Each structure stands twice: as structure tokens, then as C-alpha cells.
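Trainee: Hi, could you walk me through this one? I'd like to go residue by residue.

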Amino acid sequence: MMAEKKATPPTAPSLVGEKIYLRAATADDIANTHHWFLLSEPQTQTCRPVVVYSAAEASENFKKDERTPFRQQFMVIRTADNVPVGRVSYFDLNPLNRSAELGLLVDPEERRKGFGREAIRILSRYLFRYRGLNKVYAQTSQPNIAACKLLEAAGFRRDGTLRHHYFINNEFHDGYLYSLLLFEFDG
């Protein structure tokens, strides 16, 4: 009796992990997962001004974005059932400094299951090995304790504090910068 062959995920082998794999996001993905952003209290997710779009508008904006090698969004797909559980992206890729910023959004119902940590590790590995980067970094607000713990669990170190960088619920909050360098990465 032959062993059952495991299905091959529709992505590059470098984007496959233990519990998840990453694949390029589509406009439909953005529309179908837009509510995750809204449920996550958008202003706590970024220090940039937030415009609240409908799912259709978010999808159209994604379609209009110019495709470049300097940014890309990926869907985080649970391998067991091929269900999307998050989105991870890199942006502001700087070829001179060999760095890029990372962003992550996990379905609120799928948090604290290790998917976010694994997605960050897979994307970091891809950026270090296949894009030749020396540093990946992220920033988050001080009140976003879960994001701070997640970045630290993924091997990132806190580089510094951006004082009064986030304005949330009529109060200023500090922002934290985290980074992971190639020589520190063990993946």
C-alpha cells in the first residue's frame, strides 16, 4: 500500500512552512479579508492616517497599485485545509540599504496559534535568501503588546522608540521599531 502523497501548495518552495504557506495575494483575497483590518481597530495598526474603505474599494485599490519588486502582499494559508488565516507583506524595500519593512494582519479568530510568527519567519527567510536583504524591520504602537511579543518571538530586537508617534483614542502613544538582521536570523 502506497503512502498518501501530500498536496503541493500553489507557491514557491521557499514560501512553505510547517503549518502555513504564503502565496501572492489577489484582489479577491483583499476583498474577502478586508474585515480583518476593520475588526483589528485600524488606527492601532499603523501610524499613517487611516481611510476606511469598503471591501470592494480595498480590492480596487489593490488592483490599481503598481506592481513593483519593492513591495508585495502575500496570503497566509493554513496548510491543513488551504484556508487563509492572514496577510503578510513587505514594502519600502530599499536596494541600497538592503532592507524592507514588514506588515502582518492575522484573522482575529486565528490569532495566538503561531501563524503570524511563522509567516514573519517565512517572509524574512525569503527576503534574506532570495532578495539579498540584510535587514527586515517593523514598527508597532506601544499599546499593541501582542505585536511586540510576536516580533520578539520571531527573533526581532527592539531598536528604538518613536516618542508620541501614534495618536490612538485621543492620546499620543510611543511607537517601537524592531529589526532582524541577516546574521541574527537562524531560519
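Trainee: Let's start with Arg78: is Arg78 buried or exposed?

Mentor: Arg78 counts as buried because its relative accessibility is 17%. The cut-offs are under 20% relative accessible area for buried, over 50% for exposed and partly exposed in between, with a 1.4 Å probe and protein chains only. Keep in mind that this is a predicted model, where local features need pLDDT of at least 70, side-chain atom pairs count only at pLDDT 80 or more, and totals for chains, interfaces and linings use all residues. Residues are numbered from 1 along each chain as its sequence is written, and side-chain values use heavy atoms, with hydrogens and water left out.

Trainee: Thanks! Where is Arg78, and which side chain does Arg78 join in a polar contact?

Mentor: Arg78 has its place in strand β2. Its side chain has a polar contact of 2.9 Å with that of Asp81. A polar contact is a pair of N or O atoms within 3.5 Å; within protein, one must be able to donate a hydrogen and the other to accept it, and residues adjacent in sequence count only if both atoms are side-chain atoms. As for strands, they are DSSP runs of E with at least two residues, while helices are runs of H or I with at least four, all numbered from the N terminus.

Trainee: On to rings. How many aromatic pairs are there?

Mentor: The structure holds 5 aromatic pairs. In one of them, Phe74 and Tyr126 have ring centres 6.3 Å apart and planes at 70 degrees, so that pair is edge-to-face. Rings of Phe, Tyr and Trp (its six-membered ring) pair if their centres lie within 6.5 Å; planes under 30 degrees apart count as stacked, over 60 as edge-to-face and the rest as tilted.

Trainee: What does the Phe74 and Tyr126 pair tie together?

Mentor: Phe74 is in strand β2 (residues 72-78) and Tyr126 in helix α3 (residues 115-129), so the pair ties together parts that are 52 residues apart in sequence. Both Phe74 and Tyr126 are buried.

Trainee: And how do Tyr126 and Tyr130 pair up?

Mentor: Tyr126 and Tyr130 are stacked, because their ring centres are 6.1 Å apart and their planes are at 25 degrees. Tyr130 is exposed, with a relative accessible area of 52%, whereas Tyr126 is buried at 17%. Ring pairs link Phe74, Tyr90, Tyr126 and Tyr130 into a cluster.

Trainee: Which rings have a charged Lys end sitting over them?

Mentor: The charged end of Lys19 sits over the ring of Phe115, 5.4 Å from its centre, and that of Lys135 over the ring of Tyr137 at 5.6 Å. The test is that NZ of Lys or CZ of Arg is within 6 Å of the ring centre and within 35 degrees of the ring normal.

Trainee: New topic: where is Trp36, and is Trp36 buried or exposed?

Mentor: Trp36 is in helix α1 (residues 27-39). Trp36 is buried, with a relative accessible area of 4%. Trp36 and Val85 are 9.7 Å apart in space, C-alpha to C-alpha, and 49 residues apart in sequence.

Trainee: Last one: what is phi of Asp92 and of Arg112?

Mentor: Phi of Asp92 is near 55 degrees, a positive value in a residue other than glycine. Asp92 is found in strand β3 (residues 83-94) and is partly exposed, with a relative accessible area of 45%. For Arg112, phi is near 65 degrees. Arg112 lies in the loop between β4 (99-106) and α3, and Arg112 is exposed at 77% relative accessible area.
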